[in-house]
Amino acid sequence: MRIFRYFCKEVLTTSITIWGIMLLIMLMSQSAAYLGMIARGTVALSYLGKLLLLNIPFLSTYILPFAFYFGVLLTYGRLYADSEMVVLQASGFSTRRLFAYTLAPALLVLLITAYLVLHLNPEIISKKGKILQFSSSNVLQSLVPGEFRSIDDGNTIIYVSKANHNKTQLHDVFVAHLSKKSAMPIGDEWTVSYMHNAHKERHFAHDYLQTGVGAQYKGVPGEAGYSILHYKSFANLLPGSAITQEYKRLDGTPTTLLMAMRNNLHAQAELQWRYSCVIQVLILTLLAIPLSRVRPRQGRYAKFLPAILFYFVYLNLLFFARFLFEGGKTDPVFGLWWVNVLMLFLVLIYYAFSYQWFKRARK
């Protein structure tokens, strides 16, 4: 029992370390992408933290199988390199026992991955999609105090001096809108408005920007013919404030609904992709056990290159199989399953050569 706890502790500790490092790297990459979107004004700064938190379980779906695969490889490779595994085997520790001890943490990782990919991830993807969809269409949320914001393909420019954290109270608002475009840029008619303060109000399922005292100037820059309008209060309908449509991408669709969409190739491809993400945990674990066997002089990293190559071949074959399936070039019976069967077959062949099954059969 102590050996079992020792194995589980070492494998899980190494796997969690790899998961944490990879997650941090990928979150930094995601942060850079989101900061670029914030700079372009398509995502509000207030949503950055929420989007990164939602990305943790989403990214974990793809990191966990890889982390556990290399966690087993590194842990057992160290045991072989330090001759600990040789001592255990000399004491009667069999390969079957090693397989059984590895299967327990592998099943834990498999259950976590299955929960993430089959249940939690579709909800997370749907929430992320709605946030990005709402943020890109909500003018107020994309405003950054002290910076000019261009919307409507550059036809409208907005500047806000100060705003509260949720962008419902604005101060010193400047809006320039292209009212009428002429053949020559110098002849464009602009409507320029200035408001000392403004706040958001909701009426009849629509959001309005209710302004205080302000002025509006309309005319062609450089020409004397222009109009001036002073007002004490004004209400503007905010574009995109009444968006109610759901996020309808397949990766954000619940698994139960995908199972009911039997005639939709894209839905079935997404469903089989999710199943493959779970199945690959077992296939990679099966490969990691014999692949970790190294000689003391080889070092624990001796099998790293073939391990990485197998993983990337496996992953790219899944992408390729999905592309063929969605294009109607493969039968739904085969779908993505042939990749998992092929990889399992290759793993079994490696087992046969690694543990010399053919020689035993001849004897």
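This is a predicted model: local features need pLDDT of at least 70, side-chain atom pairs count only at pLDDT 80 or more; totals for chains, interfaces and linings use all residues.
Colleague: Is Thr17 buried, partly exposed or exposed?
Modeller: To be buried, a residue needs a relative accessible area under 20%, and to be exposed it needs over 50%. Thr17 has a relative accessible area of 44%.

Colleague: How far apart in space are Thr17 and Ala67, C-alpha to C-alpha?
Modeller: Along the sequence, 50 residues separate Thr17 from Ala67. In space, the C-alpha to C-alpha distance between Thr17 and Ala67 is 8.3 Å.

Colleague: Now to helix α2, residues 48-81: how many of its residues are buried?
Modeller: Helix α2 has 34 residues and is mostly covered. For the protein chain, with its 363 residues, the buried share is 42%. In α2, the number of buried residues is 29.

Colleague: At which residue does α2 bend?
Modeller: The bend in α2 is about 45 degrees. A proline, Pro65, follows within four residues of the bend. The residue at the bend itself is Thr61.

Colleague: Are α2 and α7 roughly parallel or roughly antiparallel to each other?
Modeller: Two packed helices are described by the angle between their axes and the distance between the axes. The axes of α2 and α7 (residues 304-326) come within 11 Å and cross at roughly 155 degrees. Angles over 145 degrees count as roughly antiparallel. Therefore α2 and α7 are roughly antiparallel.

Colleague: Which residues in α7 do those of α2 meet?
Modeller: On the α2 side, the contact has Tyr62, Phe66, Tyr69, Phe70, Leu73 and Leu74. The residues of this contact divide into 11 nonpolar, no polar and no charged. On the α7 side, they meet Phe304, Ala307, Ile308, Phe310 and Tyr311.

Colleague: At roughly how many degrees do the axes of α6 and α7 cross?
Modeller: Helix α6 spans residues 265-291, and its axis comes within 11 Å of the α7 axis. The two helices are roughly antiparallel, and their crossing is right-handed. The angle is roughly 165 degrees.

Colleague: How many charged residues has the contact of α6 with α7?
Modeller: By class, this contact has 15 nonpolar and five polar residues. The number of charged residues is three.

Technical notes: Residues are numbered from 1 along each chain as its sequence is written. Side-chain values use heavy atoms; hydrogens and water are left out. Axes are lines fitted to C-alpha atoms, for helices over the stretch in contact, and angles run from 0 to 180 degrees between N-to-C directions. Angles under 35 degrees count as roughly parallel, over 145 as roughly antiparallel, 65 to 115 as roughly perpendicular and the rest as oblique. Contact means heavy atoms within 4.5 Å. Ala, Val, Leu, Ile, Met, Phe, Trp, Tyr, Cys and Pro count as nonpolar, Asp, Glu, Lys and Arg as charged, and the others, Gly among them, as polar. The bend at a residue is the angle between axes fitted to the seven residues ending there and the seven starting there. Buried means under 20% relative accessible area, exposed over 50%, partly exposed in between (1.4 Å probe, protein chains only). A crossing is left-handed if the near helix is turned anticlockwise from the far one by less than a right angle, and right-handed if clockwise.
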